[in-house]
Amino acid sequence: MNDDAVYLRHILECIRRIEEDVTGGRQQFFFLPHDPGSESTQHLSAGLQARHPEVEWRRIAAFRNVLVHDYLGVDLERVWEILERDVPEFKGTVLKMLQEL
């Protein structure tokens with residue numbers, strides 16, 4: 001198994017935890033303690049990232065960095081929007097990448 005597969009599986013595990021956190025809905029999400037997530041996307045090979053330009057790799061990394069380094073300044077409304085809109089699509093893309101490997 002190559003490193004990309006390891007990181008992609010870790011990303012899926014992080015997404016699974018996010019999905020668990022949002023099962024109680026928006027209100028419950030706002031009161032949960034939050035783990036800022038993993039750096040796994042930053043460790044994927046340049047080749048894999050290049051084959052998937054539809055993923056905004058730099059924005060994902062930047063968003064994670066904001067969550068880690070500016071936790072008190074994080075807009076949870078914006079995070080919720082991202083969780084609803086972007087995470088399901090990203091999950092599908094990660095599953096597709098794993099199949100390609």
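Against which helices do the buried residues of helix 6 pack? The model in which this can be examined is a predicted one, and within it the buried residues of helix 6 pack against helix 1 (3-22), helix 2 (25-30), helix 5 (57-69) and helix 7 (87-100).

The chain holds seven helices and zero strands, and the pattern read along the sequence is accordingly written α-α-α-α-α-α-α. Its C-alpha atoms fill a box of roughly 40 × 25 × 20 Å when the box is taken along the principal axes. The radius of gyration of the chain is 14 Å, which agrees with the value near 13 Å that a compact globule of 101 residues would have. Of the contacts between residues at least 6 apart in sequence, 78% join residues that are at least 24 apart.

Helix 6 spans residues 76-85, and its buried residues are Val79, Trp80, Ile82 and Leu83. Viewed down the axis of helix 6, these buried residues fall within an arc of 160 degrees, so they line one face of the helix. The partners of the buried residues of helix 6 are, as stated at the outset, helices 1, 2, 5 and 7.

Tyrosine 7 is found in helix 1 and, with a relative accessible area of 26%, is partly exposed, because a residue counts as buried only under 20%. Once its neighbours within four places in sequence are left aside, tyrosine 7 is in contact with Ser40, His43 and Leu44. For Ser40 the separation along the chain is 33 residues, yet the C-alpha atoms of tyrosine 7 and serine 40 are separated by 5.3 Å.

Glycine 47 belongs to helix 4 (residues 46-51) and counts as partly exposed, at 34% relative accessibility. Its C-alpha atom and that of aspartate 4, which is 43 residues away along the chain, are separated by 9.9 Å.

Leucine 32, by contrast, is found in the loop between helix 2 and helix 3 (40-43), and with a relative accessible area of 24% leucine 32 is partly exposed. The C-alpha atoms of leucine 32 and isoleucine 15 are separated by 16 Å, with the two residues 17 places apart along the chain.

Technical notes:
Residues are numbered from 1 along each chain as its sequence is written. This is a predicted model: local features need pLDDT of at least 70, side-chain atom pairs count only at pLDDT 80 or more; totals for chains, interfaces and linings use all residues. Side-chain values use heavy atoms; hydrogens and water are left out. Helices (H or I, at least four residues) and strands (E, at least two) are DSSP runs, numbered from the N terminus. The radius of gyration is taken over C-alpha atoms; the globule rule is 2.2 Å times the number of residues to the power 0.38. Contact means heavy atoms within 4.5 Å. Buried means under 20% relative accessible area, exposed over 50%, partly exposed in between (1.4 Å probe, protein chains only). The arc is that of the directions from the helix axis to the C-beta atoms.
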